[in-house]
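Please open the model in a viewer and keep the selection tool at hand.

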Amino acid sequence: MPGEDEPAVPPVVVHVSTRDLKIEKFQPSENEMSQWKEWLDWIEEFQSQLRYFKIDVVQDKKDALTIYWGKEVKRLTKSLPDPTAIPEYAEENEVLDDYTKAKWKVTDFYKKKTNYHHAKYLFNKMKQERKSNGKLESTVSYAARLREAAAYTDFPNKDDRILEHLIQTCADIKLIEKAISKKWNLARFLTEAAQAEDLKLQ
């Protein structure tokens, strides 16, 4: 036993932490129209986890990206040229470093594969559908389908374009007349549509 005058030895404390991200590796689907949206959704989730696990060193972020990317994306990062400037789709305050170079060039690759003309063609063809029981699809549900389709287009203001298409194709004539006369935005249009449809159900 140590003598009374000997200082007490503090216990050894071992801090164990994990940085295993809770995310699947990115695997693009075969549908080229949806790959850019899939990538944007995946990289957004990936960066959220980087922030949560406090991984902020550039090399650590790039290493994590290398680990959690699928084989296709790893191949792209090696074969594609590095960006020389910050692209228009960069997040606020992002800088050009090894991590963002890798992220941006893959983003650009999938963006260029998107056929905007075809996406807009499909969007413009959309109509409010009838269910198997003969009931008309709700305006809110229809708008949700339009928003999903608009994600693959290059419309500068997607909300305005969705509202315009709803006004052109929605079955509720009274709702359309009010939207035009009162100059509603998309949020107001959907709120009024939901209230009107609730009243009909009651």
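The stops below concern a predicted model.

**Threonine 107.** Select threonine 107, which lies in helix H4, residues 98-113. Is this residue buried or exposed? Threonine 107 counts as buried because its relative accessibility is 5%, under the 20% cut-off. Next, display its side chain, which reaches the backbone oxygen of lysine 103 at 2.8 Å. Beyond its neighbours within four places in sequence, threonine 107 is in contact with Trp36, Trp39, Leu40 and Tyr89.

**Helix H4.** At the start of H4, a side-chain oxygen of aspartate 97 reaches to within 3.0 Å of the backbone nitrogen of tyrosine 99. The end C-alpha atoms of H4 are 23 Å apart, which agrees with the 22 Å that its 16 residues should span at 1.5 Å a residue. Buried residues of H4 include Tyr99, Ala102, Trp104, Val106 and Tyr110. To view what covers them, show H1, H2, H3 and helix H5 (116-125), which are among the covering elements.

**The largest nonpolar core.** Select Leu21, Trp39, Trp42, Phe46, Leu65, Trp69 and Tyr110; of the 22 residues in this core, these touch the most other members. Helices H1 (32-52), H2 (58-68), H3 (71-79) and H4 each give two or more residues to this core, and H1 contributes the largest share, six residues.

**Leucine 65.** Centre on leucine 65, which, leaving aside neighbours within four places in sequence, is in contact with Trp42, Ile43, Phe46, Tyr99, Ala102 and Lys103.

**A second core.** Finally, select Met126, Ala150, Trp184 and Ala193, which are included in a second, separate core of 19 residues.

Definitions and conventions
Residues are numbered from 1 along each chain as its sequence is written. This is a predicted model: local features need pLDDT of at least 70, side-chain atom pairs count only at pLDDT 80 or more; totals for chains, interfaces and linings use all residues. Side-chain values use heavy atoms; hydrogens and water are left out. Helices (H or I, at least four residues) and strands (E, at least two) are DSSP runs, numbered from the N terminus. Buried means under 20% relative accessible area, exposed over 50%, partly exposed in between (1.4 Å probe, protein chains only). A polar contact is a pair of N or O atoms within 3.5 Å; within protein, one must be able to donate a hydrogen and the other to accept it, and residues adjacent in sequence count only if both atoms are side-chain atoms. Contact means heavy atoms within 4.5 Å. A nonpolar core is a set of buried Ala, Val, Leu, Ile, Met, Phe, Trp, Tyr and Cys residues joined through side-chain atoms within 4.5 Å. The expected span of a helix is 1.5 Å times one less than its number of residues.
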